[in-house]
There are 2 protein chains.
Amino acid sequence: MSQDADVRAHHRHLEQARAQVIDLLSRQALERELVSRSENRRHDVVAQLVERQHQAALSQRLAQFHPADIAFVLESLAPEPRAAAWALVRSDQRGAVLLEASDTVRRALVLGMAPEDISAVVHTLDSDDIADLVSSLPEELRHAVVERLDRTDQAEVRSVLSFPDGSVGAIMDLDFIAVREDTTLEAVQRLLRRKTALPVHTNELIVVDRSNGLRGVLDLQRLLLDEPDRRVAEVMNPQPTYFYTDDGVRDAITAFEKYDLISCPVVNLHRQVVGRLTVDVVVDEIKERAQAESLRQVGLSEADEDLFAPLAASARRRWPWLVLNLVTAFIASRVIGAFEEVIAALVALAALMPIVASIGGNTGNQAVALVIRGLALGQLGPLQLRKILQREIGINLLNGVVWGLVLGVVTWLLYDSVTLAAVIAAALTLNMVLAATVGVLAPVLLQRLGRDPAMGSSIVLTATTDSMGFLIFLGLAAAFLS
Amino acid sequence: MSQDADVRAHHRHLEQARAQVIDLLSRQALERELVSRSENRRHDVVAQLVERQHQAALSQRLAQFHPADIAFVLESLAPEPRAAAWALVRSDQRGAVLLEASDTVRRALVLGMAPEDISAVVHTLDSDDIADLVSSLPEELRHAVVERLDRTDQAEVRSVLSFPDGSVGAIMDLDFIAVREDTTLEAVQRLLRRKTALPVHTNELIVVDRSNGLRGVLDLQRLLLDEPDRRVAEVMNPQPTYFYTDDGVRDAITAFEKYDLISCPVVNLHRQVVGRLTVDVVVDEIKERAQAESLRQVGLSEADEDLFAPLAASARRRWPWLVLNLVTAFIASRVIGAFEEVIAALVALAALMPIVASIGGNTGNQAVALVIRGLALGQLGPLQLRKILQREIGINLLNGVVWGLVLGVVTWLLYDSVTLAAVIAAALTLNMVLAATVGVLAPVLLQRLGRDPAMGSSIVLTATTDSMGFLIFLGLAAAFLS
């Protein structure tokens, strides 16, 4: 067993070490705070010494980490200790760390650096990674960084930056190995042996014709399994999945998920190979999209996650949805206002009406969740949509009748009015059915209008079901109770 | 360009073809329906002929599809045409199709087959895939299928089935190539050349010692790039990321995302290699989890997606959350009930109270979304948690004051009462701060209690903020307005 010590899971190891670093850093920050609090100008020599020791230990620790782990540590620190920790990251690791960091943290780190430092850091990266990195920087800084690159890198970075967000071109990897189909496997092997490493995630070589047009892909396995005198054309896959630079990332994600891909050629409009899309980038996209979506549903954006952004700016960022919420809630309030006389005559109505609204809200949100999921999977043709609508109406009619009766009985026992009981039972059923209908149709409509169906859907929907709930319940009450 | 015709993106091609198949099948279903409607016992010879022609065309089309595409088509069909389409799938493709299908559809398809047919289908699969497949079957059927396997497969399937859901062992791939570290690369190449194909997603060979203990991994690249007389030990990675069979899938997902992995060795408690975890399985897990989570938040499960499950069963499945919703809404109603006299004196209160409740609900849901996301990323230590809590309180205090004032002014203009305006402004601010606090703490508390923090969180939270909103607003009104 002791022999095995060197191969123990370094990710477990890292988890522990990371906790220690975070601990060290927060202690450091605490000490710094204590020093500055004790007296602003007095430099405590002892505290400085302690800090320097910590820093040396920390710098060494950090150097052993995977860039993704360093990024993780940086992300969980407040701006001041974060800057301190960033100063301790070795310069040859900085580029990789920036790539792994979230947009907000990346921007904060880069904005604190001099343009020549940024260029030095960026120099260690591939041009597609540089493009990824600078794309999240402010316009001026972007230019400053790109201009300092050498000419080839500049051209490549500019070309990647020219692809719109959400397109395959914007996230592709420019680094790939191309071979010709009339070459023998032996010649390909000789070609490879001249290199010290292949581009990351190279599970296949791309087969091209004279004008760089895509002909197929050659799995690395074939080089190992087949006879060296065979030609590429004989053993390649002539019909690989591939993407155009202007294909949507969403479609690429679907293809990777379905066909279990590792990497795919990316071609331009003339079917010339210009890059590759690799599974690691796709995994990052899947993760980011899933996270962005859960925030979007409640009207938040990823920027809301930056725990150290100025409070007032974060507060203001929530205004659009808050205002929408206020306006819709106000509309609901006016609906109630229209029935003030009915309520004045029977105050019990005021107490009961939120039950109808609340159940409607949850019913509608369930329908929305099902439809958004179906839309994301591309499974909602007109046939399926009608089916979902029928089902949601059916389910909620059934549940509305069953639980409306229960609620009716409770109301009858409580308020001793059969009419009131009947009104609330009917209102509950009706509002559930209507909420289900709106819940199914609203996201579909949003998508047809070219909007994001998930965007703030829970806010819009709850507002609608609230107003409807009050209207139905109070309307029925006005008709049958007055 | 015409030369390139054979390499055009087959996924685009498939999209079109798939639409045609769905179209064909639904037309077929329609025709069948028309036939059975026109007269139940009369067999329309012409219609039958048309159908047979359709079937032959369809069967051919399906055979060209990727199993994932066939599964997709089957999933979007109603049970009857689905069974018809399933009958047209070639038997050698059926296993792969079942693997790609969702749990509910898979179960439906398998339940319609005779046990000997299932065994025949299953025979074409690897034992880990068999385990994956039978794990979603009812207990009796599972036994029946496993018993028909040959002895090695039986043992392997039983071993995979013994790992709990959500553990790496349950989703690992048993198929891998192991080599010894004192072998030369040339010998490894010879070993490989005896095989016709490597296990899927083999980007590295696993290096083991005599007792099958993990020693490292050998990237396939090294076989192509390094001199054939070098030994495995010299060029292998001696410190690969690896997993234990009882590691959580969630941890594995994090590691794959962070370290951009393609495949990793899986070891048992004695550090012996027992399998591999590959990125395609991880991608599927990420996707499933993201989807399951968005449904769970509104109290739905994946079973709710089966558009063709019996309606009554689906309706009943929603009862637990519906009842919880009813009970909490009823509590909110009783809160209002306690203030009936205050409302009777000033009916405007009934109209205004839902505004306070509604804004509280959305505020709380925003806090919940941020915390759940932080928890999922493992970024919420005690420090971060305090920070989030402080920020959410700060942001909502600020926004509460600003928009409370606006709402106050509108109320004053509408109802001409300064006191009422002050009451609603104060209630809005207070409820937003309280909702933010509950929103942050509730998911954390749920997780501490060992519960899933996402489970029905939006239902629980909205209920709480509703009650609080009514209590605060009506309480303040009772104190200052009567």
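# Reading a predicted two-chain model

Q: Which residue forms a salt bridge with A:Arg289, and how far apart are the closest N and O atoms?
A: Side chains of opposite charge can pair when their charged atoms come close. Here A:Arg289 forms a salt bridge with A:Glu285, and their closest N and O atoms are 3.4 Å apart; the term stands for a side-chain nitrogen of Lys or Arg within 4 Å of a carboxyl oxygen of Asp or Glu. By this rule, 20 salt bridges are counted over all chains. The model is predicted, so local features need pLDDT of at least 70 and side-chain atom pairs count only at pLDDT 80 or more, while totals for chains, interfaces and linings use all residues, and side-chain values use heavy atoms, with hydrogens and water left out. Residues are numbered from 1 along each chain as its sequence is written, and chains are lettered from A and ligands numbered from 1 in the order in which they are written.

Q: Why are A:Arg289 and A:Glu285 separated by about one helical turn?
A: The two residues are four apart in helix 16 (residues 279–296) of chain A, and therefore about one helical turn lies between them. Helices (H or I, at least four residues) and strands (E, at least two) are DSSP runs numbered from the N terminus. A:Arg289 is partly exposed at 31% relative accessible area, whereas A:Glu285, at 15%, counts as buried. Buried is under 20%, exposed over 50%, and partly exposed in between (1.4 Å probe, protein chains only).

Q: Which residues form the pair that crosses between chains, and where do they lie?
A: The pair goes from A:Glu257 in helix 15 (residues 249–259) of chain A to B:Lys287 in helix 16 (residues 279–296) of chain B, and these side chains meet in a salt bridge at 3.6 Å, N to O. A:Glu257 counts as buried at 11% relative accessibility, while B:Lys287, at 25%, counts as partly exposed.

Q: Which parts of chain B are tied together by B:Arg276 and B:Asp173?
A: B:Arg276 forms a salt bridge with B:Asp173, with 3.3 Å between the closest N and O atoms. Because B:Arg276 lies in strand 6 of chain B and B:Asp173 in the loop between helix 11 (168–171) and strand 1 of chain B, the pair ties together parts that are 103 residues apart in sequence. B:Arg276 is buried at 2% relative accessible area, and B:Asp173 also counts as buried, at 9%.

Q: What is the order of the strands in the open sheet of chain B, and which are its edge strands?
A: Two strands pair if DSSP finds at least two bridges between them. The open sheet of three strands in chain B has the order 4-5-6, with mixed pairing. Its edge strands are strand 4 (243–244) and strand 6 (273–278), each of which pairs on one side only. Strand 4 pairs with strand 5 (residues 263–267) of chain B in the parallel sense over two bridges, and B:Phe243 has B:Val266 of strand 5 as its bridge partner.

Q: Are the faces of strand 2 of chain B covered or uncovered?
A: In a regular strand the side chains alternate between the two faces of the sheet. In strand 2 (residues 204–208) of chain B, five of its five residues are buried: B:Glu204, B:Ile206 and B:Val208 on one side, and B:Leu205 and B:Val207 on the other, so that both faces are covered. Strand 1 (residues 178–180) of chain B runs parallel to strand 2 and is joined to it by three bridges, with B:Arg180 standing opposite B:Val208.

Q: With which residues is B:Thr363 in contact, leaving aside its neighbours within four places in sequence?
A: Contact means heavy atoms within 4.5 Å. B:Thr363, placed in helix 20 (residues 348–376) of chain B, is in contact with B:Asn396, B:Met432, B:Ala435 and B:Ala436, once those neighbours are left aside. At 3% relative accessibility, B:Thr363 counts as buried.

Q: What does the secondary structure of chain A come to, and what share of its residues is buried?
A: Chain A has 23 helices and six strands, and 53% of its 482 residues are buried. Among its contacts between residues at least 6 apart in sequence, 68% join residues at least 24 apart.
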